[in-house]
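Thanks for passing this one along. Here are my notes, in the order I would read them with the structure open.

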Amino acid sequence: MSAERPTLPPVRLHTEAELARDALAAPLLARAVRLARWAGPGTRVGAGGELVDAQLPAAAEHLGLTADEDGAAEASEAWRLAVDTGLVEVEDPEADDETGPGTDEDGFGEEAEGTVTAGENLALLTGGSPQDVLAIWLDGLEAAHADATAPFFDDFADLVGEDGSIDFDALDWDPETEAEFLDGVLGNLYLLTVGDAAGAPVPLPALAASMIVPDDMGEPTDDILEQVSDAMMRLDDQFRVLEPIGIVEYRPVDEALLAEDGADATPPVDDEDVTRYGMVKLTPLGLYGIRARMLDAGVEAPAIGDLADKGADALLGGIAYYPEEAARSEVQLWLAARGADGAAAELLDAARGEDAQAPLRRLHCQQALALVGAEAEPAVRAVLDDGELGGLARVWLAELGAADVPAPPESMIFWLAVDTIAAQLEADGDLDELQGLVEGLSGQHSGFFDEVWRVDHPATADVLEAMGRLHSDKKQAKEARKAAFKARSRSGSGS
């Protein structure tokens, strides 16, 4: 009975102002900003925009980094990000050099150098909106992602062909495969984070296994364990690259394990301290960034608040499969944006319909009306005689404690019973709760199955078949199946 569902559950994001502050505090972007402000006309860069080697010690010193290769590498990384995000602009030295590249003013062999000016985005980081800051940070995330999936090699020159292209076959490296693997890992981490209210860190072995071990595999084979180990070490390198841009908090693999196991860290067994094998957690900024990447890739990744400015039909349809707390939050934001005036009538109107999702819309409508409160009573009373909404209206008014609630006709009682079970079937709710609902509704009325098959509801036959599967009383289950057959025969004959 289920319709198409969102790919991922809704995520609760921090405000754009909070996320922009997090972006500005990300170590790599913060260093890139400092270098962009430090740079000037005398800053020496190569033809590709990189800082020349002679410039790196001064850049590292400005950033307070160590005066060694590691400090120079971190300074170089921050400078590349400044270039990639438009914090600095580098003018190609070949553009105005009439003597040609690779010569000094006397025509002898020094590598041409570019000139540096402040980029437009540098001012936006301090004077722009939070959206401006986040757009620049997302460019930085793309650059960091590319760095994380890049191969490591000793001699780049040996890999460049005569036409300037890179021989990826010689690297045994497929850039698309590497990017897809990392995106898959980040997608799994996103899903685990959204589904865990506590936001606990995820062990690296579990994350690697989620990409390698088949779902239907029992005990992993030695080959699978070796693949998981290799994936762990790849991810260890990649998360070390991604952490400075602010998307993850990462505890790397314990170096002592590498010394004990040689080049690889064997996945842990149950009695080992899993934290030694790496722990990773998406930050609030990471949730925002990975969701943005997924949206760009066409993945449906809803966020709480997406529906606040939409109509009631979009609201009830959008929250159809949300977890209860997420649905409640979305409705609260929708009501806050719209105001109570007219909200109840709009919700009730959107709850009508005979499609498969309509019962679920009516269930969420009833829950949304509870958040509107007593102000919804006039609109609810206006639908007491409505065939689809009259039963819902009576239940809601009774729960409100309203006076003068008319008793429902028997036909409405049965229709509401079918609609209620249809909503729960569509939602794929807890099986025990659904069984309790089925047995409770059928037990409230003697001869329930003798009458319910006549109900003019699109889901009557499906509901009765489900009741036949779920009812613990074998006699009642058989009655439900017989009633389902009658309902299908009645529907087929058009009577």
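How many helices and strands does the protein have?

1. Overall make-up. This is a predicted model, and the protein in it has 23 helices and 5 strands. Of its 495 residues, 42% are buried.

2. Contacts and surface. Among contacts with a separation of 6 or more, 67% are between residues 24 or more positions apart. The accessible surface is about 25500 Å², and carbon and sulfur atoms account for 49% of that surface.

3. The largest nonpolar core. This core holds 72 residues, and L87, W137, Y190, F239 and I247 are the ones touching the most other members. Helix α6, spanning residues 130-148, is the top contributor to this core, with 8 residues. Another core lies apart from it; that one has 33 residues, including W334, A351, A368 and V380.

4. A closer look at L87. Setting aside residues up to four places away in sequence, L87 touches L29, A32, V33, A36, A82, A118, G119, N121, L122, L125 and I136.

5. Is R291 buried or exposed? R291 counts as buried because its relative accessibility is 12%, and the cut-off for buried is under 20%. R291 sits in helix α12, which covers residues 284-296. Beyond its neighbours within four places in sequence, R291 contacts V11, L13, Y190, A301, P302, A303 and D306.

Technical notes
Residues are numbered from 1 along each chain as its sequence is written. This is a predicted model: local features need pLDDT of at least 70, side-chain atom pairs count only at pLDDT 80 or more; totals for chains, interfaces and linings use all residues. Side-chain values use heavy atoms; hydrogens and water are left out. Helices (H or I, at least four residues) and strands (E, at least two) are DSSP runs, numbered from the N terminus. Buried means under 20% relative accessible area, exposed over 50%, partly exposed in between (1.4 Å probe, protein chains only). Contact means heavy atoms within 4.5 Å. Accessible areas come from the Shrake-Rupley method with a 1.4 Å probe; for residues, only the protein chains shown count as cover. A nonpolar core is a set of buried Ala, Val, Leu, Ile, Met, Phe, Trp, Tyr and Cys residues joined through side-chain atoms within 4.5 Å.
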